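Dear colleague,

Please find below the structure that I am handing over to you. I would be grateful if you could look through it alongside the notes that follow.

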Amino acid sequence: MKSSGKPCPICSCKSTVSPEDDEYLRCLECGVIRTKYDYEANQYGTAYAMNYLEYAKSPVNKSLNLFRLGLVARWLKENSTILDVGCCVGEFLRFAENHYECDGFEPNPVAAREAVKRTHSTIFESLNGHKQYNCITMFDVLEHIQQPKTLLTHLYEILRPRGIIAITTPDASCAIDYNSVTIDGNIRAWKHWKPKEHLFLFTRRSLAILFEGFGFEIVHVGMEESDIRPGNPNGDIITMVAVKG
Ligand SMILES: [Zn+2]
């Protein structure tokens, strides 16, 4: 590891390091990992949408979306509005729209078309609207975003006061043993190390810095989805809920 000379994209400190091949930058303060790749829309084509349609048929899908619905329901009143960012083929919306007024945002046109067919929710293919919501959900999305602060700036604006944002993302804290000399090997051996797809890998600390920096209050942090979704035995998936202050 060598000093990268670049500021951290999340906490802005200058204590960032890179491996010899510069494939990623890792922050020694907040722990976030940013790969050197940028978002490529062609990675999220037809095959991507079709994979999720298959996943929707699996038994895990129901438990997962019921958990997500039960979680956000703790903070929502009747007739609350939800925007599901990165709604893919509309699986969470199918569950949530029975209880709340829901919209979805999905930039992949194939997935968005499926979401239109499979739900009664309004599906947007761009995120330019100004409608305000009581709840924004963003499941398995943040790690794919090239500029998380830019996205969160917009989401913060369209969230009502005391509205909530609920996210899931891989938890890099479980892959980083800070005392290990093979830290680079540990990161690259982790199942969520997909550097062209997962541009950011967050730790709990980096998520806290990111969301609290916007004025969010974090009200829930858990690893429930690591138990629901097979193959995440070490608490690999973090769920977080934050309230707009
Ligand atoms: Zn940092």
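The notes below take the strands, the helices and the core in turn. Please keep in mind throughout that this is a predicted model.

I begin with strand β6, residues 101–105. Four of its five residues are buried, so this strand is largely enclosed by the rest of the structure. Strand β5 (residues 81–85) runs parallel to β6, and five bridges join the two. Within that pairing, Cys-102 of β6 is the bridge partner of Ile-82.

Helix α4 (residues 109–118) belongs with β6 and β7 to a β-α-β unit that is right-handed.

The partner of β1 is β2 (residues 16–18), to which β1 is paired in the antiparallel sense over two bridges. Ser-3 lies opposite Val-17 of β2 in this pairing.

Strand β3 of this sheet contains Tyr-24. Is Tyr-24 buried or exposed? A residue counts as buried if 20 or more other C-beta atoms lie within 10 Å of its own. Tyr-24 has 24 such atoms within 10 Å, and therefore it is buried. Apart from its neighbours within four places in sequence, Tyr-24 is in contact with Ser-18, Pro-19, Ile-33, Arg-34, Thr-35, Lys-36 and Pro-195. Between Tyr-24 and Asp-103 there are 35 Å in space, C-alpha to C-alpha, and the two are 79 residues apart in sequence.

I turn next to strand β12. Seven of the eight residues of β12 are buried, so the strand is largely enclosed by the rest of the structure. Strand β9 (residues 159–170) pairs with β12 in the antiparallel sense over seven bridges, and Val-241 in β12 is the bridge partner of Ala-166. The pairing of β11 with β12 is likewise antiparallel and has six bridges; Val-221 stands opposite Met-240 of β12.

Helix α7 spans residues 204–213, and its buried residues are Ser-206, Leu-207, Ile-209, Leu-210 and Phe-211. The elements that cover them include β3 (24–27), α5 (148–158), β11 (216–222) and β12 (237–244).

In soluble globular proteins, nonpolar side chains tend to be buried together. Which residues have the most contacts inside the largest nonpolar core? They are Val-32, Ala-115, Ile-136 and Ile-165, in a core of 56 residues. Not counting residues up to four places away in sequence, Ile-136 touches Leu-83, Val-85, Leu-155, Leu-159 and Ile-165.

With kind regards

Definitions and conventions
Residues numbered from 1 in each chain as written. Predicted model: local features only at pLDDT ≥ 70, side-chain atom pairs only at ≥ 80, totals over all residues. Buried ≥ 20, exposed ≤ 12 C-beta atoms within 10 Å, placed from the backbone. Pairing = 2+ DSSP bridges. Right-handed = clockwise from strand over helix to strand, strands pointing away. Contact = placed C-beta atoms within 7 Å. Core = buried A, V, L, I, M, F, W, Y, C linked by C-beta atoms within 7 Å.
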